[in-house]
Structures are given as C-alpha cells and as structure tokens.
Amino acid sequence: MKDLLFMNEAFKEACKAYLKGEVPIGAIIVRNDEIISRAHNLRETLKDPTAHAEIIAIKRASEVIGGWRLIECTMYVTIEPCPMCAGAILQSRIENLVIGSKDEKGGACGSKVDLMKHNLFNHNVNVKYGILENKSSSIMKRFFRNIRRR
C-alpha cells in the first residue's frame, strides 16, 4: 500500500515531465515515510544530459539531509534507471529502489545490465519492480508515439 502511494507521487512527477515535452520519468526519495525530494526529467529544459529525474532527486535529497549519504532512503522511480542513474543511486547509498516499469532498451537494474546485482559493489540496493508498471509504461509509449507523429 505504501509503495503504491509513493509510486503515485513519482508518477505525478512523470506527468509534469510529459507536459513539458520531456521524457516522462518521475522520481521521489522517501526517508522515514516522508517525501524528502521529488523530481522529473529536465534534460531538454536545462540542456543538460545529466538532468534525469533520479539525479535531480538525489541532489535535492542530499541538500535536505545535509550530506551525500542517503542512508535509510528509498527511491521510487517510474522507469528503470539508466547506467548513469544506477551508478548515482549506488554512490548515494540509497537502500531501496522501487521501479515502476523496466526499460528493456537501456535499463541498468536488470534489463540491459544489472548494476544492482548484490555483491557487485561495496553497497547493495534492494530493488523491487512492478509498482504502477502499466501506468508508467503507458505514458512512455504515448510520449514516444507522439514524437514519431511529428
């Protein structure tokens, strides 16, 4: 129930990205059952290849906590993180990652590669898939279908 509630918040962020013409991915970070950070993709808006929802959410959460170690935090993200974001999740010491839908073309948490595989690095992240999977996948498909029509 809690996962569904928080993933809905991440989905709201994905919707914000969609309305801005950004790839519709949203992320939130939760600590002690409280949202401490929320973000959506802003690569086009900021003209920044690193402005993924996960990276922005990590930066904002670090500001809130006052340090880079996001221990006891859970990230909820609508689409499986890419290699850059998976690396940032590992580096920030996020403990749990809840993913809406897999990204078979570029996901780095089990689809294309698995950077979250336990004992691969000095920090392990617990990964859970499939919360709001259809909703997260549908908005991505709609976004790219609209781009192809242009």
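I looked up threonine 74 and found its place in strand S3, residues 73–79. Strands (E, at least two residues) and helices (H or I, at least four) are DSSP runs, numbered from the N terminus. The model is predicted: local features need pLDDT of at least 70, side-chain atom pairs count only at pLDDT 80 or more, and totals for chains, interfaces and linings use all residues. Residues are numbered from 1 along each chain as its sequence is written, and side-chain values use heavy atoms, with hydrogens and water left out.

Is threonine 74 buried or exposed? It counts as buried, because its relative accessibility is 14%. Buried means under 20% relative accessible area, exposed over 50%, partly exposed in between (1.4 Å probe, protein chains only). I then listed what threonine 74 contacts, leaving aside neighbours within four places in sequence: Ile28, Ile29, Val30, Ile94, Asn96 and Val98. Contact here means heavy atoms within 4.5 Å.

Next I turned to H1. Its buried residues include Phe6, Met7 and Phe11. The buried residues of H1 pack against S3, among other elements including strand S4 (96–101) and helix H5 (133–149). Methionine 7 sits in H1, residues 2–19, and is buried at 0% relative accessibility. Among its contacts beyond four places in sequence are Tyr76, Val98 and Ile131. Methionine 7 and isoleucine 131 are 124 residues apart in sequence, with 6.8 Å between their C-alpha atoms. Just after H1, I noted a positive phi of about 80° at glycine 21.

Last, the record. An unreviewed UniProt entry annotates His52, Cys82 and Cys85 as "binding site". UniProt positions follow the numbering used here, feature names are shortened, and annotations may be inferred rather than shown by experiment. Where do these residues lie relative to one another? They span 34 residues in sequence, but no two of their C-alpha atoms are more than 9.3 Å apart, so they gather at one spot. Histidine 52 lies in the loop between helix H2 (43–46) and helix H3 (53–65). Histidine 52 is buried at 13%, and it touches Cys82 and Cys85, among others. Cysteine 85 is in helix H4, residues 83–91, and is buried at 0%.
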